[in-house]
Amino acid sequence: MYDAIVVGARCAGSPTAMLLARKGYRVLLVDKATFPSDMTMSTHWVHQPGIAALKRWGLLEKVRASNCPPLLTYRFDFGGFALIGAPPSADGVAESYSPRRTVLDKILVDAAVEAGAELREGFVVDALAADDGHVSGIRGRDKSGAKDDPRARLVIGADVLHSLVARAVKAPEYNAKPELMGGYFSYWSGVRLDGVHLCPGDYRFAFGWMTNDDLALVGVNWAIKDFHEVRHGIEGNFLRELSRLTPLLAEQVRAGKREAKWLGGTVRNFFRKPYGPGWALVGDAGYKKDPCTAAGITDAFRDAESLVQAIDEGLSGRRSLEEALADHQRRRDEIAMPIYEFTCEQAKYEPPSLEMQRLFHALRGNQEDTNRFFGLIAQTTSIPEFFAPQNIQRIITSA
Ligand SMILES: Cc1cc2nc3c(=O)[nH]c(=O)nc-3n(C[C@H](O)[C@H](O)[C@H](O)COP(=O)(O)OP(=O)(O)OC[C@H]3O[C@@H](n4cnc5c(N)ncnc54)[C@H](O)[C@@H]3O)c2cc1C
């Protein structure tokens with residue numbers, strides 16, 4: 001009998017297993033994948049609060065040692081002019097990183113094992129076991145087809161948006177929004193980028209930064225109304241749009257070599273109730289949003305810390321598990337809702353309103369507020385405070 005079984009061993013599952021194991025709980029961590037692998041779709045940009053979590057957990061040096069360059073300078077390029085700056089830091093961490101998932105997920109899964117979690121890779125969970133409506137374990141099989149049904153006090157689904165755990169327990173969904181945009185990205189050698197490049201256009205958005213192995217990750221997103229057309233000729237549409245949004249980067253990409261296949265697609269947006277009798281959800285399984293603000297990994301780390309705090313309070317008997325998990329849901333939603341709503345607005349890529357255009361022009365030469373503007377994506381600037389009418393007026397009138 002385990003204290004917890006965690007299904008899914010990437011950005012949400014491995015930290016959850018690691019933090020529980022570090023507190024002395026008996027944890028089984030299972031994933032149908034084996035590690036290292038990057039079967040998860042992601043541009044893997046981790047913001048300052050996520051990097052600060054890696055630092056707290058003693059894992060940041062491993063990311064640095066993987067030869068993944070820090071991303072220090074941010075550039076928001078409107079074509080006619082660019083805002084350049086750096087977001088406020090998080091717990092003294094000024095840089096973000098974009099480690100390949102082969103690198104990051106392996107660091108996380110190894111840390112969970114080092115902390116004492118038992119790992120079963122290549123293990124597919126087919127169903128949950130339940131006693132009187134209370135989840136009591138999983139039913140699954142390993143690569144050889146051998147079946148097993150380990151038991152636990154709590155089964156935690158860190159198994160992404162199609163979560164088997166969420167489906168099995170019929171976790172209620174709320175604040176759901178449809179797919180808002182879609183994009184494609186890939187990896188190039190021979191392209192050099194300094195920091196993060198973000199290039200907005202009407203119903204379009206281009207981006208690029210460096211990752212491991214001297215490769216540049218470059219992508220273009222389209223508002224959903226246009227995305228389905230793009231699928232019919234990805235390369236041509238990608239290069240055409242990149243040239244329109246950022247000619248200099250497009251020139252580099254044309255001269256460089258694409259080293260991977262095209263990756264991309266669309267995602268739905270939703271929150272799910274993250275707990276019930278004998279089960280919990282963490283990461284994308286419990287709260288999924290469009291990747292346009294690249295918040296998924298940073299949010300998954302925060303969610304894992306908050307969930308483990310609640311589980312520890314409950315399993316140790318300091319308070320009722322139900323109450324502790326209800327508090328966790330309140331904490332998660334209070335922090336996540338502003339970035340969720342902001343993300344869903346951004347993902348439409350609508351042309352900026354007159355007021356936003358005035359804001360962008362006013363930010364030129366105002367370094368402090370430009371940095372705070374970048375903090376909206378990094379999650380180090382309060383979204384409601386920045387967009388408060390009096391703050392926007394202050395920036396515009398002080399220009
Ligand atoms: C196009 C795109 C770009 C993105 N870019 C960024 C970005 O730049 N920055 C960022 O922070 N986020 C980004 N995200 C989001 C980010 O990738 C996710 O938020 C993050 O991977 C969530 O982590 P997770 O651990 O919840 O799920 P995952 O990383 O998807 O892991 C889920 C794991 O569960 C396992 N699993 C599922 N079902 C079972 C089963 N039945 N049995 C056993 N194992 C199972 C899977 O094998 C998988 O390993 C992007 C997403 C997309 C789609």
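R272 is placed in strand β17. In this predicted model, R272 is buried, with a relative accessible area of 7%. Its separation from G13 was computed along the chain and through space. R272 and G13 lie 259 residues apart in sequence, and their C-alpha atoms are 16 Å apart in space.

Strand β17 (residues 269-272) also holds F271. F271 is buried, with a relative accessible area of 0%. The ring of F271 forms an aromatic pair with that of Y174. The pair is stacked, with 5.7 Å from centre to centre and 15° between the planes. Y174 belongs to strand β10 (residues 173-177). The pair thus links distant parts of the chain, 97 residues apart.

Aromatic pairs were counted over the model. The count comes to 27. A second pair is that of Y74 and F374, which is edge-to-face. Here the centres are 5.7 Å apart and the planes stand at 65°. An angle over 60 degrees counts as edge-to-face, so the 65° between these planes places the pair in that class. Y74 lies in strand β3 (residues 74-77) and F374 in helix α12 (residues 367-378). The pair therefore ties together parts that are 300 residues apart in sequence. Y74 and F374 are both buried.

Aromatic rings also take part in contacts with charged side chains. The charged end of R100 sits over the ring of Y187, at 3.7 Å from the ring centre. The charged end of R120 sits over the ring of F123, at 5.6 Å from the ring centre.

The chain is divided into domain 1 (2-40 + 100-176 + 269-345), domain 2 (181-266) and domain 3 (354-397). Domain 1 is written as three segments. Between the C-alpha centres of domain 2 and domain 3 the distance is 26 Å.

Two further residue pairs were examined for their separation. E118 lies in strand β5 (residues 118-121). The residue is partly exposed, with a relative accessible area of 31%. E118 and L29 are 89 residues apart in sequence, yet their C-alpha atoms are 5.9 Å apart in space. I224 lies in helix α6 (residues 224-230). I224 is partly exposed, with a relative accessible area of 24%.

Backbone geometry was considered next. Most residues other than glycine have a negative phi, and most peptide bonds are trans. Several sites in the model depart from this pattern. The peptide bond from F35 to P36 is cis, with omega near 5°. P36 lies in the loop between β2 (27-31) and α2 (48-56). H44 is found in the loop between β2 and α2 as well. The phi of H44 is positive, near 45°, in a residue other than glycine. H44 is buried, with a relative accessible area of 2%.

A294 is another residue other than glycine with a positive phi, near 50°. A294 is placed in the loop between β20 (287-288) and α9 (296-315). At 12% relative accessibility, A294 counts as buried, because the cut-off for that class is under 20%.

The space in the largest cavity is about 30 Å³. The lining of this cavity consists of G283, D284, Y287, K289, G296, D299, A300 and D303. The largest share of the lining, 4 residues, comes from α9. By class, the lining has 2 nonpolar, 2 polar and 4 charged residues.

Key. Residues numbered from 1 in each chain as written. Predicted model: local features only at pLDDT ≥ 70, side-chain atom pairs only at ≥ 80, totals over all residues. Heavy atoms only, no water. Helix = DSSP H or I, 4+ residues; strand = E, 2+ residues; numbered from the N terminus. Buried < 20%, exposed > 50% of the residue type's maximum accessible area, 1.4 Å probe, protein only. 1 Å grid on protein atoms, 1.4 Å probe; cavity = no way out; pocket = protein on both sides within 12 Å on 5 of 7 lines; lining within 4 Å. Points joined across faces, edges and corners; volume = space filled by probe spheres on them. Nonpolar A, V, L, I, M, F, W, Y, C, P; charged D, E, K, R; others polar. Phe/Tyr/Trp six-rings, centres within 6.5 Å; stacked < 30°, edge-to-face > 60°. Lys NZ or Arg CZ within 6 Å of the ring centre and 35° of its normal. Domains from an automatic or database assignment.
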